Amino acid sequence: MIPLVAFVLLLAAPQGDVYVADAGTLVMSGTAVRLDGIDLPHANSDQGAQAKRLVEDFVAGKMVTCRMQGSGLLSYWSGTCFADGEDIGQALVSAGLALDCPANSDGRYRRYEAPEARAHLKASATCQIEDLATGVPQ
């Protein structure tokens with residue numbers, strides 16, 4: 001029997017070593033990390049710009065760590081990132097600037113969605129939730 005070995009790739013950067021490319025992408029030590037489990041407005045929209053500002057303020061002066069998922073085979077990794085231990089994706093969802101993306105989150109951010117968030121943010125096709133009774137995307 002071959003023993004299974006598991007590991008988690010963790011990337012950390014002190015304050016000043018994190019560039020916020022857009023609300024959903026951090027660049028740490030030259031490695032792009034896409035925030036996993038959330039659905040964000042387009043980067044060029046007013047809401048996208050507002051979300052980027054929130055992330056910039058949220059990470060300013062803090063130690064940022066990311067627990068990576070995925071292979072990193074594209075030009076970026078995906079991961080759950082934290083600023084001084086606080087989940088950046090959760091902060092975006094709680095502020096009403098992002099939605100939970102159950103396809104990637106297993107619903108971990110849904111409880112943090114602001115009540116009006118789905119009314120003013122449009123979920124991407126891969127992150128839409130269907131009403132179980134009607135089969136209509138919400």
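Helices here are DSSP runs of H or I with at least four residues, strands are E runs of at least two, and both are numbered from the N terminus. By that reading, Glu113 sits in the loop between α3 (102–105) and α4 (117–120). This is a predicted model, so local features need pLDDT of at least 70 and side-chain atom pairs count only at pLDDT 80 or more, while totals for chains, interfaces and linings use all residues. Residues are numbered from 1 along each chain as its sequence is written, and side-chain values use heavy atoms, with hydrogens and water left out.

**Overall layout**

- The protein chain has four helices and nine strands, and from the N terminus they run β-β-β-β-β-α-β-β-β-α-β-α-α.
- Of the 138 residues in the protein chain, 39% are buried (buried is under 20% relative accessible area, exposed is over 50%, and partly exposed is in between, with a 1.4 Å probe and protein chains only).
- Take the contacts (heavy atoms within 4.5 Å) between residues at least 6 apart in sequence: 54% of them join residues at least 24 apart.
- The chain exposes about 8100 Å², and carbon and sulfur atoms supply 55% of that; the areas come from the Shrake-Rupley method with a 1.4 Å probe, and for residues only the protein chains shown count as cover.

**Nonpolar cores**

- A nonpolar core is a set of buried Ala, Val, Leu, Ile, Met, Phe, Trp, Tyr and Cys residues joined through side-chain atoms within 4.5 Å.
- The largest one has 25 residues, and Leu26, Ile38, Val55, Val64, Ile88 and Leu92 have the most contacts inside it.
- Elements giving two or more residues to this core are β2 (18–22), β3 (25–28), β4 (31–35), α1 (46–59), β6 (64–69), β7 (77–83) and α2 (88–94).
- There's also a second, separate core of five residues, which includes Leu99, Ala117, Leu121 and Ala123.

**Disulfides**

- Cys66 and Cys81 have their sulfur atoms 2.1 Å apart, and their link is right-handed, with 110 degrees about the S-S bond.
- Cys66 is in strand β6 and Cys81 in strand β7, so this pair ties together parts that are 15 residues apart in sequence.
- Cys66 is buried at 0% relative accessibility, and Cys81 is buried at 1%.
- In the other pair, Cys101 and Cys127, the sulfur atoms are 1.9 Å apart, and the link is left-handed, at -75 degrees about the S-S bond.
- Cys101 belongs to the loop between β9 and α3 and Cys127 to the segment after α4, so the pair ties together parts that are 26 residues apart in sequence.
- Cys101 is buried at 0% relative accessibility, as is Cys127 at 4%.

**Glu113 and its surroundings**

- Glu113 counts as buried, with 13% relative accessibility.
- The Glu113 side chain reaches the backbone nitrogen of Asp100 at 2.8 Å.
- Setting aside neighbours within four places in sequence, Glu113 is in contact with Val93, Leu99, Asp100 and Arg118.
- Ala95, in the loop between α2 and β9 (99–100), is partly exposed at 42% relative accessible area.
- Ala95 and Glu113 are 18 residues apart along the chain, with their C-alpha atoms separated by 7.9 Å.

**The segment after α4**

- Ser124 lies in this segment and is partly exposed, at 27% relative accessibility.
- Ser124 and Leu40 are 84 residues apart in sequence but 8.4 Å apart in space, C-alpha to C-alpha.

How values were computed:
Polar contact = N/O pair within 3.5 Å; in protein donor to acceptor, adjacent residues only side chain to side chain. Disulfide = S-S within 2.5 Å.
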